[in-house]
Structures are given as C-alpha cells and as structure tokens.
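Here is a set of questions and answers for reading a protein model step by step. Keep the structure in view while you work through them.

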Amino acid sequence: MAIMTFKISILALTFHGGKRASVMRSINRTIGVFILVSLSSISLAHEGATGIIKERMDRFKQNKAAIRVIKGNLAKDTTIIAQKLAEIETWANEMVDFFPEGSNQAPSEALPAIWENFGDFTAKAVANATAAADLKTLAQSGADQSALIKGLKVLGKTCKDCHNDYRE
Ligand code: HEC
C-alpha cells in the first residue's frame, strides 16, 4: 500500500505545473481512493497473507463457496453439484502440498500440530477427498435429496475433523 501511494505521488510530481497538475492531482486522488476501496474489500482474514499461505486460504474460501453452491442446488442441478464436488476433491488431493513445514505465520490459522502429525493431517485430507468423490458418484447416480443431504453431512464432517485438530 505504501509503495502504491508513493508511485501515485511520483506520478503527480511528473505532471507538475499549472492547471494540468491540479487536474492530474484530482485524477490521482480518485485512483488512490479507488485502490483503497478495492483493498479494503479484501477479506480481513487475508490481510497480509502472501505466497503459499494466501493461495491455500483462497482455495479454502472457494471450498466454502462450493459447499454453499451445492446446498443451493440440492433439489435442482446435479451437474453443478458434481462439478463443485470435483473441485473439492481436487483441492483435497492437493492441499497437503500447500503446507510446507512451518508455514503458519500470521494471518495463517494453521496450527503447528500439522507438522508434528503430518501423516494424520494427510489422512484427513484423503478422507475429505474420498467423501467428496463418494458424494459426486451419488449425485451422478440420480440419488434423492435426502441421500445427498446425508452425504453432504459426511463430507462436512471431514472438513470439521481436520479443522478441530489443525486450525486455530
Ligand atoms: C486436512 C485438513 C483440512 C481439511 C480436510 C479441510 N480444511 Fe479447511 N483449513 C485447514 C487449515 C489448516 C486451515 C487454515 C489455513 C491457514 O490459515 O493457513 C483451513 C482454513 C479453512 C478456511 C478459512 C480460509 C480463510 O479464509 O482463512 C475455510 C473457509 C475452510 N478451511 C473451509 C474448508 C471446507 C469447507 C472444507 C471441506 C470441504 C475444508 N476446509 C477441509 C485444514 C483443512
């Protein structure tokens, strides 16, 4: 943010002189406000997160959004449900690679216990992938809504099981 503000001031200086400068100043102010607004709309939990920590936080946020879409389509569209479950399954199969040892600097909510029990952490990711794959098969087989809700609960539990032990 500081760097951006600095760049904007440089831009203003470049156009110094007369009316043009004042026009540029007001444009720059507008750009500055715009940048501020866009930055503040980014979730607070992600403030300051960079690199692999930010990437995995974003992926987990997508997971949450995917679950919401699945819930909203239970009675409607099994194609969308299957597609979102495939996304969850893919992420579950990749997530352990996004936890290099000791990568829990703020604002990460990852607990150090992850690296003391990496085998168990991995098993919990596998359970998540399996539950997503099972539910995907169920959705594609035209199962009724109550069966899908049951499967969704099983899936949700695999998220929670991991969070209970490994997330702040
Ligand atoms: C194997 C472990 C594991 C599984 C399975 C898992 N999570 Fe997480 N999740 C974590 C960890 C660890 C964090 C904290 C990551 C961080 O802050 O660095 C997290 C963070 C999150 C966050 C917060 C992201 C943010 O914006 O800070 C959400 C939302 C989330 N998970 C949703 C889910 C959902 C939904 C599922 C299941 C579909 C799921 N997770 C499955 C371990 C897991």
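Q: Which residues have the most contacts inside the largest nonpolar core?
A: This is a predicted model, and its largest nonpolar core has 24 residues. Those with the most contacts inside this core are Leu-85, Ile-88, Ala-92, Ala-132, Leu-135 and Ala-139.

Q: Which element gives the largest share of this core?
A: The elements that give two or more residues to the core are H3, helix H4 (78–94), H6 and H7. The largest share, seven residues, comes from H6.

Q: How far apart are the end C-alpha atoms of H6?
A: At 1.5 Å a residue, the 23 residues of H6 should span 33 Å. The model agrees with this expectation, because the end C-alpha atoms of H6 are 33 Å apart.

Q: What covers the buried residues of H6?
A: The buried residues of H6 include Phe-121, Lys-124, Ala-125 and Asn-128, and Ala-132, Leu-135 and Ala-139 are also among them. What covers the buried residues of H6 includes H4, H5 and H7.

Q: Within what arc do the buried residues of H7 fall, seen down its axis?
A: The buried residues of H7 are Leu-148, Gly-151, Leu-152, Leu-155, Thr-158, Cys-159, Cys-162 and Tyr-166. They line one face of the helix, because, seen down the axis of H7, they fall within an arc of 110°.

Q: Which exposed residues does H7 carry on the face turned away from its buried side?
A: On its buried side, H7 has residues whose cover includes H3, helix H5 (113–116) and H6. The face of H7 turned away from that side carries the exposed residues Ser-146, Ile-149, Lys-153, Lys-160 and Asn-164.

Q: Which element gives the largest share of the shell around the ligand?
A: Of the 24 residues around the ligand, Phe-60, Ser-108, Asn-128, Cys-159 and Cys-162 come nearest. The elements that give two or more residues to this shell are helix H3 (51–72), helix H6 (118–140) and helix H7 (145–166). The shell residues divide into 12 nonpolar, six polar and six charged. The largest share, eight residues, comes from H3.

Technical notes:
Residues numbered from 1 in each chain as written. Predicted model: local features only at pLDDT ≥ 70, side-chain atom pairs only at ≥ 80, totals over all residues. Near = placed C-beta within 6 Å. Helix = DSSP H or I, 4+ residues; strand = E, 2+ residues; numbered from the N terminus. Nonpolar A, V, L, I, M, F, W, Y, C, P; charged D, E, K, R; others polar. Buried ≥ 20, exposed ≤ 12 C-beta atoms within 10 Å, placed from the backbone. Arc of directions from axis to C-beta. Contact = placed C-beta atoms within 7 Å. Core = buried A, V, L, I, M, F, W, Y, C linked by C-beta atoms within 7 Å. Expected span 1.5 Å × (residues − 1).
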